[in-house]
Amino acid sequence: MRKLNRETVIAEALALLDEVGLDRISTRLLAKRLGVEQPSLYWHFQKKDALLAEMAQAAMAPHALAPLPIIGDNWYDWFLENTRSFRRTLLMRRDGARLHAGTYPGEADTQRIIHKIAFLVSCGLSEQHAKIAMLAASHFTVGSVLEEQAASAITSSATAHPQIDYEAAFEEGLVLILDGLAVRERRG
């Protein structure tokens, strides 16, 4: 029997996600892929939900490695790139947005979020506006990617509907959020 560790299980679960999608992920399929009996997975993850949460965190690693803002950065430009990085990361995995939706940040991610909000505040934004803007941009991004990934999964009827440039639509929506934040901050 193959000896497993958490990292191997998560990596193989993410590879399986890319192959079969979130709806078909199961501990049975994962055990088969790993060449082990299904109960051996419970040594690392008591429930499927725990596995999915770890998968979601691992899938976000590219965004978590993005540079944090520093004093002197333009807040607007940084916010654009930070949100674009989040979108790119969600798009790296099949059903990436669905996997991420409803998860909560771990301790390291929470510290990164605190740093980002502190940066926005240091640039003159109110703490409340910085928090709401980060939340709104996050929800907008997840929703945009959910729609984009759902549309790409529908192959037979996709040609019957007008084609949407999801990246352009995302960029326009993101600019609207940030322009609204900038206007609100100017009003005080």
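Trainee: How many helices and how many strands are there in the protein chain?
Mentor: The protein chain of this predicted model has 9 helices and 0 strands. Read along the sequence, the pattern is α-α-α-α-α-α-α-α-α. The C-alpha atoms fill a box of roughly 65 × 45 × 20 Å along the principal axes.

Trainee: Into which domains is the chain divided?
Mentor: The division gives domain 1 (6–46) and domain 2 (60–186). Their C-alpha centres lie 29 Å apart.

Trainee: What makes domain 1 and domain 2 count as being in contact?
Mentor: The criterion is heavy atoms within 4.5 Å. By that criterion, 9 residues of domain 1 are in contact with 6 residues of domain 2.

Trainee: What does UniProt record for residues 3–63?
Mentor: An unreviewed UniProt entry places the feature "domain: HTH tetR-type" there. In the model, residues 3–63 are 62% helix and 0% strand, and the end C-alpha atoms lie 30 Å apart. For residues 26–45, UniProt lists "DNA-binding region", again from an unreviewed entry. The span 26–45 is 40% helix and 0% strand, with its end C-alpha atoms 13 Å apart.

Trainee: Why is H1 called roughly perpendicular to H3?
Mentor: Helix H1 (residues 6–20) and helix H3 (residues 48–59) pack at an angle of about 80°, and their axes are 10 Å apart. Angles of 65 to 115 degrees count as roughly perpendicular, so H1 is roughly perpendicular to H3.

Trainee: Which residues of H1 and H3 make the contact?
Mentor: H1 contributes Arg6, Val9, Ile10, Ala13, Leu14 and Leu17, while H3 contributes Leu51, Glu54, Met55, Ala58 and Ala59. By class, this contact has 9 nonpolar, no polar and 2 charged residues.

Trainee: Which residues meet where H7 packs against H8?
Mentor: Lys116, Ile117, Leu120 and Val121 in H7 meet Glu127, Ala130, Lys131 and Met134 in H8. The contact of H7 with H8 divides into 5 nonpolar, no polar and 3 charged residues.

Trainee: Why is H8 described as roughly antiparallel to H9?
Mentor: Helix H8 (residues 127–153) and helix H9 (residues 166–187) pack at an angle of about 170°, with axes 10 Å apart. Angles over 145 degrees count as roughly antiparallel, so H8 is roughly antiparallel to H9. H8 passes H9 in a right-handed crossing.

Trainee: Which residues of H8 and H9 meet, and how do they divide by class?
Mentor: On the H8 side are His129, Ala133, Ala136, Ala137, Phe140, Thr141, Ser144, Glu147, Glu148 and Ala151. On the H9 side are Tyr166, Ala169, Phe170, Gly173, Leu174, Ile177, Leu181, Arg184 and Glu185. By class, the contact of H8 with H9 has 11 nonpolar, 4 polar and 4 charged residues.

Definitions and conventions: Residues are numbered from 1 along each chain as its sequence is written. This is a predicted model: local features need pLDDT of at least 70, side-chain atom pairs count only at pLDDT 80 or more; totals for chains, interfaces and linings use all residues. Side-chain values use heavy atoms; hydrogens and water are left out. Axes are lines fitted to C-alpha atoms, for helices over the stretch in contact, and angles run from 0 to 180 degrees between N-to-C directions. Helices (H or I, at least four residues) and strands (E, at least two) are DSSP runs, numbered from the N terminus. Angles under 35 degrees count as roughly parallel, over 145 as roughly antiparallel, 65 to 115 as roughly perpendicular and the rest as oblique. A crossing is left-handed if the near helix is turned anticlockwise from the far one by less than a right angle, and right-handed if clockwise. Ala, Val, Leu, Ile, Met, Phe, Trp, Tyr, Cys and Pro count as nonpolar, Asp, Glu, Lys and Arg as charged, and the others, Gly among them, as polar. UniProt positions are given in the numbering used here, feature names are shortened, and annotations may be inferred rather than shown by experiment. Domain bounds come from an automatic or database domain assignment.
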